[in-house]
Amino acid sequence: MDAFWIILTGSLVAVSCALLGSFLILRKMSMVGDAISHSVLPGIVIAFFIAGSMQSIWMLVGAGILGILTTFLIEFFHQKGRLQTDASIGVTFTWLFALGVILVTYYAGNAHIDQDCILYGEIAYVPIDLLYNSAGDPIGPKAVVILSVVLILILAFILLFYKELFVTTFDAAYAKAIGISTTKWHYALMSLVSLTTVASFESVGAILVVALLITPAASAYLITNQLKTMLILSSVFGILSSFFGYWLSYLLDGSIAGAMVTVSGIIFAICYVIVRQRK
Amino acid sequence: MTNNFIKQVENPALEIHDLTVSYDKKPVLWGIDLSIPQGSLCGIIGPNGAGKSTLIKAIMDLVDMNSGYVKLFDQSLDDVRKRVSYVPQRESVDWDFPASVLDVVLMGRYADLGLFRNPRKADKEAAMKALEMVGMDKYYKRQISQLSGGQQQRVFLARALTQKADIYFLDEPFAGVDAATEKAIFRILQDLAGEGKTIVVVHHDLQSVETYFEWVILLNLRLVASGPTKEIFTPALLEETYGGKLTLLTEVGELVKEGEFKAREKQ
Amino acid sequence: METLIEFFSFKYPNIKYVVFGTMLLSVSSAVVGCFTFIKKKSLVGDVISHAVLPGICISFLASGSKDPFLLIIGAFISGWIAIIVMDAIIQNTKIKEDAATGLSLSVFFGIGILLMTYIQHSGNAAQSGLDTFLFGKAAALVGKDLMAFSIIAVVVLITVFLFYKEFKLISFDPQFAKVIGLPIKRLEMILTSITVLAVVTGIQAVGVVLMAAMLITPAAAARFWTNRLSRMILLASIFGAFSGISGAYISYAAPSMPTGPWMVMVLSIIALISFFFAPGRGIVIRQWRRFSIRKQLLEENLLKAFYRIGENSGDHFQKVAIDDIQLIRNFSPAQLAKGLRKLRVNGYVQRNNETWFLTGEGFEKGKRITRLHRLWELYLTKYLRIAPDHVHEDADTIEHVITPELEARLEKLLEYPTSDPHLSEIPK
């Protein structure tokens, strides 16, 4: 039964990431996604100390704020500071992550947060940490509930605003010309990335969120020429990574998150070979 | 002394007044002043780096203006966006994007649809009609990565056509495009102009100017001339446009960019 | 304070080694980082630092030991493979650079985490401490480890020194390098190799995630101070060294604090200061310059107004009231007050109760500005054929920029004119 919850959690993370990641790679913002997944750390730590616990709405708020701050700083250094994009990204996220680690270490005594957990989470604990409703009956593991909410949010966002995402991603100049604000959608997307990162970090860790943002989407991008198919396929690859990843980690007695990423890498390798054969 | 080579018109489709535009703090367009008549097919001509694309981008509010204003049908862009269509340069887009021809053309309907509505049957029909006009209707399902340069340009044009605008701005639509496509596109533009639409094209090939355009704008950092082709497209004015004697201007531009206000000796 | 003195007196020999070690690491990263910065591939460092993990684990699994040299070899190989994979993806598929970078980085790291946890759970006693590679522990650098990494850092620096000219060329202008027949592929390989080496050693100090900062941040900061590569490398090295010393100090004074993040904080603060305050390129400096230019503009425009008044009346040194000035040009009362005060302080005008008048110097300056203004207006209207009623504003900005040399060229071009488009005289 545990296996089910773990695979489900992994799948929820993977699908959320795959959907967002598809747009990230098409917008050539993969590394900004990478940056955000690291830089939300100080937000999480500060939120932890306001709220006193790990699962709370404050963490999502903290992450959201840091996500927006990161996006803003990268733009700021690039536009106003005239710093090249790759360096803007590099300087911003390392600075924020360093700040986060310092804060964590500083408060480490009382906290359940530790460095390992931040980096690669511990999804095995998910089934144990249940969420109870008002009657006192367990609804299900907390992580599953939170992640489901995030996933629904992402699905709603993509379904409702598909065409805005489509046009701002494909042709930003044309989008602006017909009156669609590219900035707004950029920030909206990056905020969702922050939310997903924080919702996932306890189970898969912040760093591995990056792999799930990029890899299944990249695999799907190789295989298909339709955006809708890409979204679906990347989600499928994400679920497969979760499923086989669990079994791989069981086999090797290793990190479940690491195994999930490894499987997503194998799927990518397979897609790569297929595409090369086609040529 | 006024510039006799800049013709102004009544009830212009496009009116630009004293437009100065900087790129990265360096002035690249100086004091542009022009108006073009409705229903004209108009070409913007000038050497590389003359600021032709920048001019279009300034009109479309994609870059900031240092001074001056732009009026379309005597109103600001925001008030008439629905009547304005923009076809960017082909290379500004990544054609590896996973989309079909129809997907791209449908974008032309997005402005009309607003935030929460999705393209309906009527929109798809409009898109298919536009594709028919450019001769790409059979390709509506084709992936855009599989298109040739000319086909991509036609798709871009079809997208613009679905907007049913009154004024069209096209940035280098004939660049890297086969002869047949160029002819086909030109015919469409001619038809549009015949219907009273105003077409403004950034063009790079001097040979075809007289055939294509009835109104010409000669641009090189500043406006050299603007008016009916027969009057304006003369060797003397072309010489001035392409002559390249603007070192002083560019140098001053550089100084403005640097913000250099070197101490000057007292006389 | 005491700890600071204690630290720098090198009371304990260990401190010497730690300082030496961290400085070397930081400097070698900073130097290599300058080249990746120029190529606009700063995030390559991020890829390598994440990608070394599987190599380290495999090396451990294969050899059963934590001998630093063996681990370094493993790290080196997997770092290199990640770069090859990344390039292969970019060359052979439609996937773009950013996605290839992120993918390479995260997948290799994920594999590394999997292997590492496998090792950790396998109950092999020898494996403890393998994960310090993840977080970096500068203070733990002693003995054999320190030796190994210091040698590598020195190798990196020597290589850069030997191949400086070639690296510079292939980074700035690969086309030209090809044309003159440099063995680009081989040089790139060497550059990549020392980048991998620099990363492998640097991770010891700051850990995987922050390693990218050791390459990028010093280079980015240095870039704001200079345009020349040699100076940039020097500055980056200094910034790196400084952060290295700080890191060593912190690990000494507050052992429970993580050194890596503090080193990155120090670097980031240096970078932020550079971004904002570096003369020339700093954001705040540029703003301030624009601000001071506006002040200068105000004063010069005032003098121009004075000159104009003098032209109209025939007497340049007459006493002028504020209202008269307002007639010529609309200044706000605050601007007027500030401007006049400044002019008086600089000796361009003098005050007599409620009126003001030009001094000799003020007259000369006003004349000069007016001259440049009218010359430029003439240029705009005659040479560029811009309408006369439009040129007044443009000239207003430009007249302040024109140097004597430009002025001479203008004059010549316009054939030594005597009057401007509005038929006012152009003063000599």
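Me: How many residues does the contact take from chain A and from chain B?
Reply: The model is predicted, and the answer is a count of residues in contact across the two chains. A contact here requires heavy atoms within 4.5 Å. On that basis, the contact takes 25 residues from chain A and 34 residues from chain B.

Me: What area is buried between chain A and chain B?
Reply: The size of an interface is often given as the accessible area lost when the parts come together. For chain A and chain B, carbon and sulfur atoms give 63% of the buried area. On the side of chain A, Lys163(A), Phe170(A) and Tyr174(A) supply 30% of the area that this chain buries against chain B, more than any other three residues. The area buried between chain A and chain B is about 2600 Å².

Me: How many salt bridges does the rule find across the interface of chain A and chain B?
Reply: Side chains of opposite charge can pair when their charged atoms come close. One salt bridge joins Arg159(B) to Asp171(A), with the closest N and O atoms 2.8 Å apart. Across the interface of chain A and chain B, the number of salt bridges found is two.

Me: Which element gives the most to the side of chain A that touches chain B?
Reply: Across this interface there are eleven residue pairs in polar contact, both residues being at pLDDT 80 or more. On the side of chain A, at least two residues come from each of α8 (162-170), α9 (172-177) and α12 (227-252). The element that gives the most, with six residues, is α8(A).

Me: How many salt bridges does the rule find across the interface of chain C and chain A?
Reply: Polar contacts are present between these chains, with a count of 13 residue pairs, both residues being at pLDDT 80 or more. A salt bridge asks for a side-chain nitrogen of Lys or Arg within 4 Å of a carboxyl oxygen of Asp or Glu. Across the interface of chain C and chain A, the number found by that rule is zero.

Me: Why do the buried residues of α10(B) line one face of the helix?
Reply: In helix α10 (residues 235-242) of chain B, the residues Leu237(B), Leu238(B) and Thr241(B) are buried. On the other side of α10(B), Pro235(B), Ala236(B) and Glu239(B) are exposed. The buried residues line one face because, seen down the axis of α10(B), they fall within an arc of 100°.

Me: Is Arg368(C) buried or exposed?
Reply: Arg368(C) forms a salt bridge with Glu407(C), the closest N and O atoms being 2.2 Å apart. Arg368(C) lies in helix α17 (residues 360-383) and Glu407(C) in helix α19 (residues 404-413) of chain C, so the pair ties together parts that are 39 residues apart in sequence. Residues under 20% relative accessible area count as buried. The relative accessible area of Arg368(C) is 8%, and therefore Arg368(C) is buried.

Me: Where is Lys7(B), which pairs with Glu231(B), found in chain B?
Reply: The side chains of Glu231(B) and Lys7(B) meet in a salt bridge of 3.5 Å, N to O. The pair links distant parts of the chain, 224 residues apart, with Glu231(B) in helix α9. Glu231(B) is partly exposed, with a relative accessible area of 45%, and Lys7(B) is also partly exposed, at 28%. Lys7(B) is found in the segment before β1 (12-23) of chain B.

Me: Which residues are linked with Lys28(A) in a network of salt bridges?
Reply: A search of the whole structure finds 19 salt bridges over all chains. One network of salt bridges includes residues of chain A, chain B and chain C. The residues linked with Lys28(A) are Asp94(B), Asp96(B) and Lys96(C).

Definitions and conventions: Residues numbered from 1 in each chain as written. Chains lettered and ligands numbered in written order. Predicted model: local features only at pLDDT ≥ 70, side-chain atom pairs only at ≥ 80, totals over all residues. Heavy atoms only, no water. Polar contact = N/O pair within 3.5 Å; in protein donor to acceptor, adjacent residues only side chain to side chain. Buried < 20%, exposed > 50% of the residue type's maximum accessible area, 1.4 Å probe, protein only. Helix = DSSP H or I, 4+ residues; strand = E, 2+ residues; numbered from the N terminus. Arc of directions from axis to C-beta. Buried area = accessible area lost by both parts, 1.4 Å probe.
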